Amino acid sequence: MEETDREAVATAVQRVAGMLQRPDQLDKVEQYRRREARKKASVEARLKAAIQSQLDGVRTGLSQLHNALNDVKDIQQSLIDVNKDWRQSINTIENLKDVKDAVVQHSQLAAAVENLKNIFSVPEIVRETHDLIERGELLQAHRKLMDLECSRDNLMYEQYRMDSKNTHDMNLIHTYFGDMQKLSEELAKQLWMVVQRSLVTVRRDPTLLVSVVRIIEREEKIDRRMLDRKKQTGFIPPGRPKKWKEKMFNILERTVSTRIEGTQADTRESDKMWLVRHLEIIRKYVLDDLLVAKTLLDQCFPPHYDIFNRLLNMYHQALATRMQELAAEDLEANEIVSLLTWVLNTYTSAEMMGNSELSPEVDVNSLDALISQNVVDQLLNKYMSTLTSNIIGWLRKALETDKKDWIKETEPEADQDGYYQTTLPAIVFQMFEQNLQVAAQINEDLKTKVLILCLQQMNSFLTRYKDEAQLYKEDHLRNRQYPQCYVQYMIAVINNCQTFKESIISLKRKYLKSDMEDTLSISHANMDATLDIIAKEGCSSLLDEVFMDLEPHLNELMTKKWLMGSNAVGTICVTVEDYFNDFAKIKKPYKKTMTLEAHRRVVVEYIRAIMLKRISFKNAEERKEGAERMIKEAEQFRFLFKKLAAGSGEDTEGLCDIIEAIAEVIKLTDPSLLYLEVSTLVSKYPDIRDDHIAALLTVRGDASRDMKQTIIETLDQGPSQPNPNYVPIFKEITVPTLTVPKLLK
């Protein structure tokens with residue numbers, strides 16, 4: 001207490017010191033004193049009120065404890081009195097055991113009396129129930145069956161209560177009611193028949209289906225009641241619980257499975273389209289059944305059966321099982337595609353589970369996959385492997401068929417623009433198109449893989465195509481009379497190359513995503529290169545054909561006969577033009593190239609004829625006549641090839657200028673200017689060699705050996721400034737080697 005007082009004094013001193021820190025605050029001492037007095041009075045009043053409240057609560061609590069003590073004493077006394085009375089009544093209860101037994105017996109007898117009528121009429125009720133079942137009056141039949149079961153169960157229950165170990169009496173009751181069990185089984189058989197045909201029954205006679213559901217519901221209630229009584233007494237009648245609701249769903253599940261499996265009407269041996277037909281029947285049946293289940297069947301079952309969703313799950317499981325069985329079979333490529341298309345696309349499409357009439361109950365996004373991704377991958381790998389083999393076989397067969405056409409005695413068909421063609425490109429790309437369309441039905445990834453496969457096989461195929469075209473040419477060269485339409489079919493082969501190019505571009509544009517272009521650029525370039533080689537070799541072989549016919553006439557050039565007025569060049573022009581009437585059926589890219597090549601080869605052969613030194617002019621008159629003839633024939637060539645190249649936009653005059661330039665060297669009358677003329681020729685055509693100049697001077701006929709040597713040596717020392725646009729032509733022309741050594745001696 002003293003400690004508390006000291007703390008209070010210390011606190012007070014501290015507060016006073018805080019109030020009186022300045023001299024002017026001494027005037028307010030009285031004011032501070034009154035304020036502190038008011039605070040003290042207020043605190044004391046609140047303290048007194050709190051203490052009074054606590055005292056009142058204690059007083060009330062003591063009063064309640066006193067009352068509780070009195071109540072406990074009263075209860076204790078009552079318990080003593082009850083215990084005393086109970087001990088006095090024990091003997092009395094034992095004396096009432098006979099009464100208890102009599103009550104039990106009375107209860108059993110009362111039950112027997114109550115069921116006596118039913119007991120004696122059991123055979124008659126059994127017959128009536130049997131007749132009702134046969135007539136299809138299932139509700140009435142079930143009502144009578146319930147009465148029979150109730151009588152039997154009550155009797156057996158009373159017997160169980162009286163003597164649960166007396167199996168003889170139990171068996172006696174069970175035997176007496178034995179026909180009732182057969183009735184139950186017969187009724188159940190009728191119920192399951194209706195359940196099996198529920199989707200048909202609900203459209204024809206929904207009342208019958210409702211009756212079946214009501215019977216099942218009754219049995220479910222009885223099952224629950226019997227199970228509850230078993231928990232209380234340990235007794236349950238024979239045959240319970242029947243679990244007819246569970247059996248109903250099991251039968252529905254078996255019915256769905258059987259319906260799915262039973263849709264396969266054909267086999268691969270009897271119908272190549274067996275799987276497509278099988279899957280289409282499944283699709284139609286499942287969709288029809290689910291629509292019926294949603295619109296009609298759902299109304300015949302209690303909501304807690306959730307019959308539509310249960311059926312939906314059954315169909316999904318049955319379909320999954322069936323699809324897995326089909327996937328495990330040894331399917332062909334087209335069958336794999338049909339299966340995967342159906343599983344991955346058709347199943348969730350608007351044609352089936354995505355049908356608007358099934359929503360919102362059916363959510364395709366929540367449906368599990370019918371077959372696992374692992375199985376899908378296995379099927380796709382098998383499909384790609386089979387497709388690879390098939391494409392190789394198809395391409396080989398297509399090429400063999402095309403080769404047979406090459407030896408026909410009739411010309412190939414022409415397209416709408418009049419260009420010769422064979423059916424090979426159409427067959428090949430129709431096959432590719434069909435496989436790509438099929439792959440696109442499954443997914444984009446497979447479509448891309450199939451496109452890459454097709455182009456890869458196309459690459460290999462074009463190599464074989466090139467080899468076969470070369471063999472075709474070689475066979476013809478062995479016997480130029482065979483095949484009869486060699487030129488026309490070689491033109492078709494060349495045109496096919498352009499068709500292949502266009503088809504490849506079209507195929508990529510249609511089926512390949514833009515971001516995948518780079519992956520096939522190299523392959524595409526290789527195919528273009530191969531096609532260009534095939535076309536170039538084809539064009540070359542056709543030109544070979546032309547020049548083999550021209551050979552006799554080319555041999556007349558620059559001979560005495562030619563100088564005396566041979567019409568060899570006229571014949572050459574007519575022959576070339578005649579061939580090019582057929583070559584007009586070559587498509588433009590290759591026709592243009594071929595025209596230029598023919599022009600170049602004609603000029604080369606003409607110059608080669610000059611360089612062969614078949615003639616040596618004797619005088620200026622012959623040189624003039626020969627040169628003018630050369631200029632005239634160059635003009636004939638120029639006119640011819642300008643006519644053949646009409647519309648191509650190509651300059652065809654430059655090659656013929658070479659002939660005219662050579663003619664100018666031959667025509668020159670002043671030998672002193674020969675070096676200047678030859679140097680002009682060399683400056684224009686820098687690939688001209690010494691042997692060419694020597695041969696040209698030999699043909700001219702008036703240049704001495706020393707002059708030739710001087711001109712050649714002087715030209716060798718001069719600078720050469722070739723025209724960058726000039727395409728070398730003299731490098732292809734060889735000169736007989738004996739002339740140069742003779743000249744240099």
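In this predicted model, C300 is buried (under 20% relative accessible area, with exposed meaning over 50% and partly exposed in between, for a 1.4 Å probe and protein chains only), its relative accessible area being 10%. C539 likewise takes part in no disulfide, and the nearest cysteine sulfur to it, that of C497, lies 8.6 Å away, where a disulfide is taken as a pair of cysteine sulfur atoms within 2.5 Å. C539 is also counted as buried, at 7% relative accessibility. For the structure as a whole, the number of disulfides is zero. Residues are numbered from 1 along each chain as its sequence is written. Because the model is predicted, local features need pLDDT of at least 70 and side-chain atom pairs count only at pLDDT 80 or more, while totals for chains, interfaces and linings use all residues, and side-chain values use heavy atoms, with hydrogens and water left out.

Helix α14 (residues 373-406) and helix α15 (residues 424-442) have axes that come within 9 Å and cross at roughly 165°; helices here are DSSP runs of H or I of at least four residues, numbered from the N terminus, and axes are lines fitted to C-alpha atoms over the stretch in contact, with angles from 0 to 180 degrees between N-to-C directions. The two helices are therefore roughly antiparallel, a term for angles over 145 degrees. The crossing of α14 past α15 is right-handed, that is, the near helix is turned clockwise from the far one by less than a right angle. On the α14 side, Y383, L387, I391, W394, L395, A398, L399 and D402 meet L424, I427, V428, M431, F432, N435 and V438 of α15, contact being heavy atoms within 4.5 Å. By class, this contact between α14 and α15 comprises 13 nonpolar, one polar and one charged residues, with Ala, Val, Leu, Ile, Met, Phe, Trp, Tyr, Cys and Pro as nonpolar, Asp, Glu, Lys and Arg as charged, and the others, Gly among them, as polar.

A further pair is formed by helix α20 (residues 568-583) and helix α21 (residues 588-611), which pack at an angle of about 165° with their axes 12 Å apart and are therefore roughly antiparallel to each other. V569, F580 and F583 in α20 meet K591, M594, T595, A598 and Y606 in α21, a contact of six nonpolar, one polar and one charged residues. Helix α21 also contains K592, which is partly exposed at a relative accessible area of 36%.

Terms used. Parallel < 35°, antiparallel > 145°, perpendicular 65-115°, else oblique.
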